[in-house]
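Dear colleague,

Please find below the structure that I am handing over to you. My findings follow directly after it.

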Amino acid sequence: MSQGMSVPEIKPYKPLSNQQLLMLLVLASFGMLFGTLVLSLIFARLRAPLWPPIGITPLDSTLPIISTLAILVSSVLLHKALRKFESNKKEDFKYFWGLGVLSGILFLVLQTWSLGHWYLQGVRVSQHLYASAVYVMIIFHALHLIVALSGIVHQFYKARSEETLQAWTWVWH
């Protein structure tokens with residue numbers, strides 16, 4: 001090997017804990033369910049002569065775009081917090097973890113606002129497959145994030161192990 005080149009440090013393989021394995025299985029189940037919902041909407045869209053159907057007001061894209069940015073920022077902040085925890089920088093961990101929680105709450109508020117706006121426009125689940133699919137996907141995603149946010153908030157106060165924090169960030173991502 002030539003001089004000046006360094007070999008990166010290889011960390012030893014660390015098997016998944018039971019908690020991490022359980023979390024991955026739960027996430028895989030959620031992923032399959034959400035994928036089924038998305039595919040049902042895609043198939044309905046492909047079979048429909050007009051989309052969205054007549055009488056259904058499409059969702060304005062502004063709030064969903066801002067919501068997406070909020071959830072991405074939250075994920076980045078939680079990842080940064082996890083790295084701070086690994087480095088034993090507890091105060092920095094709390095700072096970034098707290099900002100990640102606040103960004104997640106902002107995401108849920110924006111999603112609720114978007115869904116409420118659509119509801120106030122008179123769009124109901126019973127009107128059409130489009131409306132019911134959008135409602136189900138938003139509500140399913142919100143429930144998933146409420147569970148994740150509950151665990152993440154709990155970890156803000158009780159963080160003890162890297163594995164537990166990692167598992168909750170997996171749920172959040």
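Lys80 is partly exposed, with a relative accessible area of 38%; on this scale, buried means under 20% relative accessible area, exposed means over 50%, and partly exposed is what lies in between, computed with a 1.4 Å probe on protein chains only. The residue belongs to helix H2, where helices are DSSP runs of H or I with at least four residues, strands are E runs of at least two, and both are numbered from the N terminus. Lys80 also lies over the face of Phe96, at 5.2 Å from the ring centre. A charge is taken to sit over a ring if NZ of Lys or CZ of Arg is within 6 Å of the ring centre and within 35 degrees of the ring normal. Along the chain, Lys80 and Gly100 are 20 residues apart, and their C-alpha atoms are separated by 9.3 Å.

Please note that this is a predicted model, in which local features need pLDDT of at least 70 and side-chain atom pairs count only at pLDDT 80 or more, while totals for chains, interfaces and linings use all residues. Residues are numbered from 1 along each chain as its sequence is written, and side-chain values use heavy atoms, with hydrogens and water left out.

I turn next to the aromatic rings. A search of the whole structure finds 6 aromatic pairs; rings of Phe, Tyr and Trp (its six-membered ring) pair if their centres lie within 6.5 Å, and planes under 30 degrees apart count as stacked, over 60 as edge-to-face and the rest as tilted. Phe34 and Phe140 form a stacked pair, because their ring centres are 6.2 Å apart and their planes stand at 15°. Since Phe34 lies in helix H1 (residues 18–47) and Phe140 in helix H4 (residues 129–158), the pair ties together parts that are 106 residues apart in sequence. Phe34 is partly exposed, at a relative accessible area of 32%, whereas Phe140 is buried, at 17%. The rings of Tyr95 and Phe96 have centres 5.1 Å apart and planes at 80°, so this pair is edge-to-face.

Grid points are joined across faces, edges and corners, and a volume is the space filled by probe spheres set on the points.

The largest pocket holds about 330 Å³ of space. It has 14 lining residues, of which Pro64, Thr68, Phe107, Gln111 and His141 are the closest to its centre. Helix H2 (62–86), helix H3 (90–120) and H4 each give two or more residues to this lining, and the largest share, 4 residues, comes from H2. By class, the lining has 7 nonpolar, 6 polar and 1 charged residues; Ala, Val, Leu, Ile, Met, Phe, Trp, Tyr, Cys and Pro count as nonpolar, Asp, Glu, Lys and Arg as charged, and the others, Gly among them, as polar.

The second largest pocket has a volume of about 170 Å³. Among the residues that line it are Lys14, Pro15, Glu162 and Trp170. Helix H5 (residues 162–172) gives the most to this lining, with 4 residues, and the classes divide into 3 nonpolar, 3 polar and 3 charged residues.

Some points on the backbone remain. Asn88, in the loop between H2 and H3, has a positive phi of about 65° although it is not a glycine, and Asn88 is exposed, with a relative accessible area of 56%. Just after H3, Gly122 takes a positive phi of about 95°.

Lastly, Ala131 is placed in helix H4 and counts as buried at 0% relative accessibility. Its C-alpha atom is separated by 9.9 Å from that of Leu41, 90 residues apart along the chain.

Yours sincerely

Key
1 Å grid on protein atoms, 1.4 Å probe; cavity = no way out; pocket = protein on both sides within 12 Å on 5 of 7 lines; lining within 4 Å.
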